Amino acid sequence: MDTRAMLDSMERVLEKSGIGILATVDADDRPHVRWMTPAVVRGRDGFLFAVTSPEFKKAAEASGNPAVEWQIQTKSLDEIVTVRGQMSVVDNAAAKAEVLEAIGGKLGTFWKINPDESSLVVLETAIEEIIYFKPTSGDRSSAQFGGIHG
C-alpha cells in the first residue's frame, strides 16, 4: 500500500475502534503502555493526536524519549494497525482546540481523571511508519513516511 492508502486504513480502523494503545519509554528505559483516545485532524496528514495532562507521566516520557508506538485494532481483531513515530508535547490553544474538536465527546474517562480543563496538552505523533495487518488472512503491509510532515 502507498502512504495515502495506509493513512486511510489507519483512519478507518481508528473510526471503528475509537481507542488505541500508546507505548512510551521512561527515563529508566522501561516501557509503559496505556489505552488512549487518538485522533486524526483534517489537513494534518501524517500525524496522530491525543491529549493528556502535563502532570501525567506520558508527557514527561514523550519529552524525554519521543520514539513511540501506537496499536489500533478493530474490536473483532480482524484489522490491526501499528503506528511508529516521534511524539511532541504541544501546549498551544490552537492545537488544543483543533484536537478537542476532532476527538469530540470520546474523552469521558480522561475528564474523570483530569477534571481541570486548563491542565491539557496535545500529544502529536509524527508518523514514521504504519503497519497494517489482517490476522485472518495473514496479509501485512507497511509504509514508511518521510518528508510529508510540516
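The model on screen is a predicted one. E79 belongs to the loop between strand 4 and strand 5 (80-90).

Now show what surrounds E79. Setting aside neighbours within four places in sequence, its contacts include V13, K16, I72, Y132 and P135. R12 is also among them. Select R12 and look at the two side chains together: a salt bridge joins R12 and E79, at 2.5 Å from N to O. This pair links distant parts of the chain, since R12 is in helix 1 (residues 3-17) and E79 is in the loop between strand 4 and strand 5, 67 residues apart. R12 has a relative accessibility of 32% and so counts as partly exposed.

Next, select R84 and E129. Their side chains form a salt bridge of 2.9 Å, N to O. E129 is in strand 6 (residues 121-134) and R84 in strand 5, so this bridge ties together parts 45 residues apart in sequence. E129 counts as buried at 15% relative accessibility, while R84, at 33%, counts as partly exposed.

Move to D91 and K96, whose side chains meet in a salt bridge of 2.7 Å, N to O. D91 is exposed, at 54% relative accessible area, whereas K96 is buried, at 17%. Then select R4, D8 and D45, which salt bridges with shared partners join into one network. The count of salt bridges in the model is 10.

R44 lies over the face of F47, 4.8 Å from the ring centre. The charged end of R140 sits over the ring of F133, at 4.2 Å from its centre. F133 is also one of the contacts of E79.

Finish with strand 1 (residues 20-25). Its covered face carries G20, L22 and T24; I21, A23 and V25 are on the uncovered face. Strand 1 pairs with strand 2 (residues 31-36) in the antiparallel sense, over six bridges, and T24 stands opposite H32 of strand 2. Five residues lie between the strands in this hairpin, where D29 takes a positive phi near 65°. Strand 1 also pairs with strand 4 (residues 67-73), again in the antiparallel sense, over three bridges. There, select L22 and W70: L22 stands opposite W70 in strand 4.

Conventions:
Residues numbered from 1 in each chain as written. Predicted model: local features only at pLDDT ≥ 70, side-chain atom pairs only at ≥ 80, totals over all residues. Heavy atoms only, no water. Buried < 20%, exposed > 50% of the residue type's maximum accessible area, 1.4 Å probe, protein only. Helix = DSSP H or I, 4+ residues; strand = E, 2+ residues; numbered from the N terminus. Pairing = 2+ DSSP bridges. Lys NZ or Arg CZ within 6 Å of the ring centre and 35° of its normal. Contact = heavy atoms within 4.5 Å. Salt bridge = Lys/Arg side-chain N within 4 Å of Asp/Glu carboxyl O.
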